[in-house]
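Colleague: Thanks for sitting down with me. Could you take me through this one and tell me what lies behind each label?

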Amino acid sequence: MKFTTPNFVVAVFSLFLLAGCGGGGAAGGTAATTSAPTTFPLRQVITNLYISGYQKSVTVGGTFNSGGAVYPVTGSLQLTESPANVSSTFNGQSALQQSGSITGPMNVNNETLNFANTGDAYLTTNYIPLGETGPNLYCVAKTAVPLPATVIIGQTGPYVTSSCFTDSTMATALETITTSFQIGAGISATTATASVIDVVVNTANQQTETTQTNYIIDTSGNFSFQSINIIVTINGALLNITAQ
């Protein structure tokens, strides 16, 4: 489950709008030996993330650009993901449920905004995403590609495509979320940065949000949250924040 569910982004964006309105080598040498690239167990990493959950205190920094004015954004948030061990149902089928929350103060143009948001993710017993819910939000995973068992630095690929609605009747469409993964360099030779990238497109086929959540992973399948970057554009205003 990603922390930036669409309802979280819209709610934060609305708060910001309120605050903004207020204020080479030598030839002929011996050929070098090339070692095989280090592999990382991505599928196990994601499974471990769902099984264990985690809590993280993060510092937020960034900008909010509205009407030509640029406002600084700062804050301190608590991110919480529970273990996905609650038996539930989603969209007519059995599921494991994982709850998440984001709480804490954020400051926009020297105005403090206290924020709290919760959401739930639903998975199969093999930890394949089924969907997400939140206030006025019901997202259903239409396609979920199994993650590779192992990956190397530089590898990318698809993960999930979800259709989001205002509620479980699925009568009113909101947007489509396309989720992919990207593997970058880590902080040592035995680590990598696994990034989960969400691209949100509204019903007018306009891209409104890009979110990138980064984790440091190792060759044993361990993970630690590193950072999250959110870029949102709505009605000509731009929010760009990073929490780490």
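Colleague: Leaving aside its neighbours within four places in sequence, which residues is Val 45 in contact with?

Modeller: Val 45 is in contact with Ile 217, Gly 221, Asn 222 and Phe 223, where contact means heavy atoms within 4.5 Å. Before we go on: this is a predicted model, in which local features need pLDDT of at least 70 and side-chain atom pairs count only at pLDDT 80 or more, while totals for chains, interfaces and linings use all residues. Residues are numbered from 1 along each chain as its sequence is written, and side-chain values use heavy atoms, with hydrogens and water left out.

Colleague: How far apart are the C-alpha atoms of Val 45 and Gly 221?

Modeller: They are separated by 4.7 Å, although the two residues are 176 residues apart along the chain.

Colleague: Why is Val 45 called buried?

Modeller: Buried means under 20% relative accessible area, exposed over 50%, and partly exposed in between (1.4 Å probe, protein chains only). Val 45 has 2% relative accessibility, so it counts as buried. Its place is in helix α2, residues 42-52; helices (H or I, at least four residues) and strands (E, at least two) are DSSP runs, numbered from the N terminus. The buried residues of α2 are Leu 42, Val 45, Ile 46, Thr 47, Leu 49 and Tyr 50.

Colleague: What makes Tyr 50 and Tyr 127 a stacked pair?

Modeller: Rings of Phe, Tyr and Trp (its six-membered ring) pair if their centres lie within 6.5 Å; planes under 30 degrees apart count as stacked, over 60 as edge-to-face and the rest as tilted. By this rule the count comes to nine aromatic pairs. For Tyr 50 and Tyr 127 the centres are 6.2 Å apart and the planes at 10°, so the pair is stacked. Tyr 50 lies in helix α2 and Tyr 127 in the loop between β5 (111-123) and β6 (129-134), so this pair ties together parts that are 77 residues apart in sequence.

Colleague: And why do Phe 90 and Tyr 138 count as stacked?

Modeller: Their ring centres are 4.9 Å apart and their planes at 20°, so this pair is stacked too. Phe 90 is in strand β3 (residues 86-90) and Tyr 138 in strand β7 (residues 137-144), so the pair ties together parts 48 residues apart in sequence. Both Phe 90 and Tyr 138 are buried.

Colleague: Which residues have the most contacts inside the largest nonpolar core?

Modeller: Leu 42, Tyr 215 and Ile 217 do, in a core of 43 residues. A nonpolar core is a set of buried Ala, Val, Leu, Ile, Met, Phe, Trp, Tyr and Cys residues joined through side-chain atoms within 4.5 Å.

Colleague: What makes the disulfide of Cys 139 and Cys 164 right-handed?

Modeller: The torsion about its S-S bond is about 105°, so the disulfide is right-handed. Cys 139 in strand β7 and Cys 164 in strand β8 (residues 156-165) are 25 residues apart, so the pair links distant parts of the chain.

Colleague: Are those cysteines, Cys 139 and Cys 164, buried or exposed?

Modeller: Cys 139 is buried, with a relative accessible area of 2%, and Cys 164 is buried as well, with 1%.

Notes: Disulfide = S-S within 2.5 Å.
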